[in-house]
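Please read them with the coordinates open.

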Amino acid sequence: MLSGTNVEYAHQYNKRIILETIRQHDTISKAELSRHTGLTTQAISNIVERFLDAGIVEVRGKQSSRRGQPAQLLGLRAQGGYSAGLHLDRDHLTGVLLDLSGHPLARTHLEWHVPTPDQALPEVLRALQALLDHAGLEERQLWGVGISLPGPIEAQSGRLMSPPNLRGWNGTVPRAWLEQRTGVPVYVETDSTAAAIGERWFGAGRPYQNLFYIYLGMGVGGGLLADGQPFRGATGAAAMFGHTPAGSEQRPCPCGGTDCLELYLSIPALLRDLQPALGPALTLEDVVTSLGRGEPAVSAWLDHAADRLARSVAGVKALLDPEVVIMGGRWPAPLLDALLTRTRAATQRYEPKIVAPTRILAAELSDDAALGAATIALFNSVTPYTEVMMKVRHPGGPATSPH
C-alpha cells in the first residue's frame, strides 16, 4: 500500500518538475510553466522566486502580449550551479565539470590498470581538484560530485557489491570516502545508469521517458529509465545486461557464471577474439583501420556479436518495452556504427512481432558516464528523484521510505 506524501516532499518534487521544464524549453514564461506542469500560477511564482533569489534561474527578457503586462521569460542561469562527474573503470578515470546549463567547463583523463581502492581513490580526489583548478572554482561552489563505476551498487548505501570488473572493491563505499574529504554531497551510480541519465538530459534520450541504455566498454552494462527515473531493482543490481546468458562456448566469467554477454561483446573480448587474425599486439585503432580496409575477420566478428546482442535486445523489448534503446560507451565511432547497423537488422529477426519495432539509436554524448554522473549531482542536489514521493505503508504500521 502507498501512503500520501507530506507537503515538503510535494514541494521538492514540484521544484524538480519546474527546473526540468525550464531546462527543456530554454526560455519560458510562468504562465507557460503552469500550462506544462499543471501547477497553479501561485505555486509556480513561489518556487521561481526562490530560484531567482538563489541565482539558479534568470530573467531573459519579456514576452509581448496583447493583454496586460509583458510576461517575463525565464531560463537557467549557467553560473547558478556546478557539478563534477567522475567515471572510474578498471582501465581509466575520466572527469568532467559542468555548469547548470550542462556545458562542460573542464575535462580530465587518466589511464591506469585495475587499481585497488587505496590506489584509485586518492587519484579521484586529485582529478576533482584538477577540474576545479582548470575552471577557477572552489569546492564550496560545487553542488555535488557524481561517481560512476561498474556495478552492482547497493542503492541506499552506495556500497559496491562484488563488482566483476573491479576485483578487490567489494564492500567499498567511495561516496563516504569522498564526502569526508570534500564536504560536498557525493552521488554514486553504475556507469551504464549514469550514461542513460546523461543521454536522457542532454543527448539522444531527451524525447523519451522510458529508455534502455547499452554501455559498451571494458564490460557491457545496462541502464534502465522508467518514466524518466532510474530503475535499480530490489538490491541495486537491475539491468545487469552484460551478465545475461548469450552463448554456449563455456567461457568463464568473473561474475561466477559462464557465457555472459560481455564475454562476447566487450573491448577485451573484441581484442582477444581478433588477435589470431590481426596480430597479438592488437589495439582498437588497429581494428578500426582493419574495418576500413574491409578485413573479413572484423566483419565476421561484428556479425556474430550483433547477432548475440540482437537476441538480448529482443529480450529487453519483450520484458520492458522501452521507447528506445540507446547504444554508447567507449567503442570508437566507426566500430559502434558498424555494430549498430548490424544489430538493427538482426533485432528484426528476433523481436516479438506483436509489439512495435525496437528503435535503436547511437548515443550522442562523449564521456557519457562521467557526464551522466555530473548530471545526477547537478540536478539531484536541488530536486530529488521521485523516490522521495514513494512512501510504503505497511499494514497496521506507519509510512516508511521504500529504501
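This is a predicted model: local features need pLDDT of at least 70, side-chain atom pairs count only at pLDDT 80 or more; totals for chains, interfaces and linings use all residues.

1. Contact here means heavy atoms within 4.5 Å. Leaving aside its neighbours within four places in sequence, glycine 61 is in contact with Ala71, Gln72 and Leu73. Glycine 61 belongs to strand S1 (residues 57–63). Helices (H or I, at least four residues) and strands (E, at least two) are DSSP runs, numbered from the N terminus. At 37% relative accessibility glycine 61 counts as partly exposed; buried means under 20% relative accessible area, exposed over 50%, and partly exposed in between (1.4 Å probe, protein chains only).

2. Residues are numbered from 1 along each chain as its sequence is written, and side-chain values use heavy atoms, with hydrogens and water left out.

3. The sheet. Five strands form an open sheet in the order S5-S4-S3-S6-S7, with mixed pairing. Strands S5 (104–111) and S7 (186–190) stand at the edges, each with a single partner strand, so one side of each is left without a neighbour in the sheet. From one strand to the next the twist averages 15°. Two strands are taken to pair if DSSP finds at least two bridges between them.

4. Strand S3. How many of the seven residues of strand S3 (residues 82–88) are buried? Seven of the seven are, so S3 is largely enclosed by the rest of the structure. In a regular strand the side chains alternate between the two faces of the sheet. Both faces of S3 are covered, with Tyr82, Ala84, Leu86 and Leu88 buried on one side and Ser83, Gly85 and His87 buried on the other.

5. Pairing of S3. With strand S4 (residues 92–99), S3 runs antiparallel and is joined by seven bridges. The two form a hairpin with three residues between them, and alanine 84 stands opposite leucine 97 in S4. With strand S6 (residues 142–149), S3 pairs in the parallel sense over six bridges. Here histidine 87 is opposite serine 148 in S6.

6. Serine 148 has glutamate 189 as its bridge partner in S7.

7. Serine 192. This residue is in helix H6 (residues 191–202). Serine 192 counts as buried, at 4% relative accessibility. Not counting residues up to four places away in sequence, serine 192 touches Tyr213, Tyr215, Gly221, Gly222 and Gly223.

8. Helices H2 and H3. Helix H2 (residues 30–37) packs with helix H3 (residues 41–53) at an angle of about 115°, their axes 9 Å apart. Axes are lines fitted to C-alpha atoms, for helices over the stretch in contact, and angles run from 0 to 180 degrees between N-to-C directions. H2 passes H3 in a right-handed crossing; a crossing is right-handed if the near helix is turned clockwise from the far one by less than a right angle, and left-handed if anticlockwise. Lys30, Leu33, Ser34 and Thr37 in H2 meet Thr41, Ile44, Ser45, Val48 and Glu49 in H3. By class this contact has three nonpolar, four polar and two charged residues. The classes are: Ala, Val, Leu, Ile, Met, Phe, Trp, Tyr, Cys and Pro nonpolar; Asp, Glu, Lys and Arg charged; the others, Gly among them, polar. The buried residues of H2 are Glu32, Leu33 and Ser34. Just after H2, glycine 38 has a positive phi of about 80°.

9. Helices H9 and H11. The axes of helix H9 (residues 284–292) and helix H11 (residues 333–350) come within 9 Å and cross at roughly 55°. That makes H9 oblique to H11, where angles under 35 degrees count as roughly parallel, over 145 as roughly antiparallel, 65 to 115 as roughly perpendicular and the rest as oblique. The crossing is left-handed. Leu284, Val287, Val288 and Leu291 in H9 meet Pro334, Leu335 and Ala338 in H11. The contact of H9 with H11 has seven nonpolar, no polar and no charged residues.
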